[in-house]
Amino acid sequence: MTTDLTVAVWPGVTPRLLRTGPETLAEYTDAGGFAPLADPEQLLDAVQASGLLGRGGAAFPLAVKLRTVRDNGRDAGGAVVIANGEEGEPASVKDRWLLRNRPHTVLDGLRLAARVVEADRAYVYVSDRRAADSVADALTSCPWAGDLSIELITVSPGYVAGEESAAVHMINGGPAKPTDKPPRPFEEGVGGRPTLISNVETLAQLAYVHGHGAEQFRAVGTDGSPGTFLATVTGAGRPAALYELPHGVAVADVLTLHGVAAAEVRGALMGGYFAGLLNRGVLDTTLDHESVRALGSGLGCGAIGFLTEDCPVAVAASVLAYFDRENAGQCGSCFNGTAAMAAVAIALRDGVATDEDLARLRRWSVVLRGRGACATLDGAANMAGTLLAQFPDVVTRHLENNCQTCRSGAFTAQRPYEVEQLEAVVTV
């Protein structure tokens, strides 16, 4: 578990989201925050032109989401907006940091999203206690509190609790567990109304687009992945770091910034636990959605764990065991599938798996995709599939019980590369 956090902006890039110390309302408004929104349609056009993609993991275009919920809401008596800050991904800290340090920015983005989709109700959905306290304090001084009903919802932390249908289910009075789709929240969500669920970083980026325009938003990044993003970087025996990076930076350059020699890197856990593993080929890519997707992986929530001394098989076994413990326990395919894949990976780690076990793991990594109410099983399948595809030689050594790394003491973390933000060394 990591207890120190370095916070820094990419050299030469003007910070958009990261800053030194928590923001005050006066600082935010003096910098242009909470500026009046005269024309929601004009802002929607700016979001479209900006190419802003969601920062929660799926990288879905925000403009499409906004327009869909707005149109659905007009036919259903109004829409609802949720700022999703339930950061169930243990290897990510960006949402907690934003809610603790930039609550006014997030609330401004929530206000703007509500105006665009013509919502009169909004929620901030969090599990981190310090984040909840920060938002509660910010809500007491909102300059627009009378224009929008905002409720702070706190939930017990959990991997599935931040899934969009789980958030809706909890706000509607049920447990924070995913529900079957359809309908999806943009069709029928809180109180049966079309609901926009946006990650808090996405909303903070929306506030930036409103304040600075689409052209300035696109001044950094790539054509397909414009703007900056918050990356949580862990592993390699270094303290965790939260970096604001322009899309398109080279992984090798991020390693230099993080103080890690490329020669020491065996691979990476990409996009948190969901997107799986990449081998040393990750060193030759850039951090944008199109490039990482071309490797058969995903940038996801921007969490990257670099593997140096840790064995990829052991890391995969720990992640699969985590999925086995953290699944919602309500879909048989996921409940049984995560347990089965975890059991094979643990046996492989310990040098007692067979060829038949490996064949089953390979088959499960394909046939179990898309089952269940949420994407937890997909994440487990991604982990199993990428382990087999990216590290075949390491897997073979484990079949022969010949992994010297694991023989000297296997990596067995309960929550691999977990970040717990306690202290921050800030460089902006």
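Colleague: Why does Tyr273 count as buried?
Modeller: Tyr273 has 0% relative accessibility, and buried means under 20% relative accessible area (over 50% is exposed, in between is partly exposed; 1.4 Å probe, protein chains only). So buried is the word for Tyr273. Bear in mind that this is a predicted model: local features need pLDDT of at least 70, side-chain atom pairs count only at pLDDT 80 or more, and totals for chains, interfaces and linings use all residues. Residues are numbered from 1 along each chain as its sequence is written, and side-chain values use heavy atoms, leaving out hydrogens and water.

Colleague: And what makes Arg360 partly exposed?
Modeller: Arg360, which sits in helix 14 (residues 355–367), has 34% relative accessibility, so it counts as partly exposed. The helix itself is a DSSP run (H or I, at least four residues; strands are E, at least two; both numbered from the N terminus).

Colleague: How many aromatic pairs are there?
Modeller: Eight. Rings of Phe, Tyr and Trp (its six-membered ring) pair if their centres lie within 6.5 Å; planes under 30 degrees apart are stacked, over 60 edge-to-face, and the rest tilted.

Colleague: Why is the pair Tyr28 and Phe34 called edge-to-face?
Modeller: Their centres are 5.3 Å apart and their planes stand at 85 degrees, so edge-to-face it is. Both Tyr28 and Phe34 are buried.

Colleague: What makes Tyr273 and Phe323 an edge-to-face pair?
Modeller: The ring centres are 6.4 Å apart and the planes are at 90 degrees, so that pair gets the label too. It joins distant parts of the chain, 50 residues apart: Tyr273 is in the loop between strand 8 (267–270) and strand 9 (277–278), and Phe323 is in helix 12 (residues 312–326). Phe323 counts as buried because its relative accessibility is 0%. Ring pairs also tie Tyr159, Tyr273, Tyr322 and Phe323 into a cluster.

Colleague: Which residues touch the most other members of the largest nonpolar core?
Modeller: Leu66, Val81, Leu110, Leu206, Leu245, Leu287 and Phe306, out of 83 residues in that core. A nonpolar core is a set of buried Ala, Val, Leu, Ile, Met, Phe, Trp, Tyr and Cys residues joined through side-chain atoms within 4.5 Å. Helix 5 (residues 103–117) supplies the largest share, eight residues. Another core, of 48 residues, lies apart from it, with Tyr273 and Val344 among them.

Colleague: Why do you say that strand 4 (149–154) and strand 5 (195–199) are at the edges of their sheet?
Modeller: The open sheet has four strands in the order 4-3-2-5, paired in parallel. Strand 4 and strand 5 each have a single partner strand, so one side of each has no neighbour in the sheet.

Colleague: How do you know that strand 2 (residues 79–85) and strand 3 (residues 119–126) pair?
Modeller: Two strands pair if DSSP finds at least two bridges between them, and strand 2 and strand 3 have seven, in the parallel sense. Val81 stands opposite Ala122 in strand 3.
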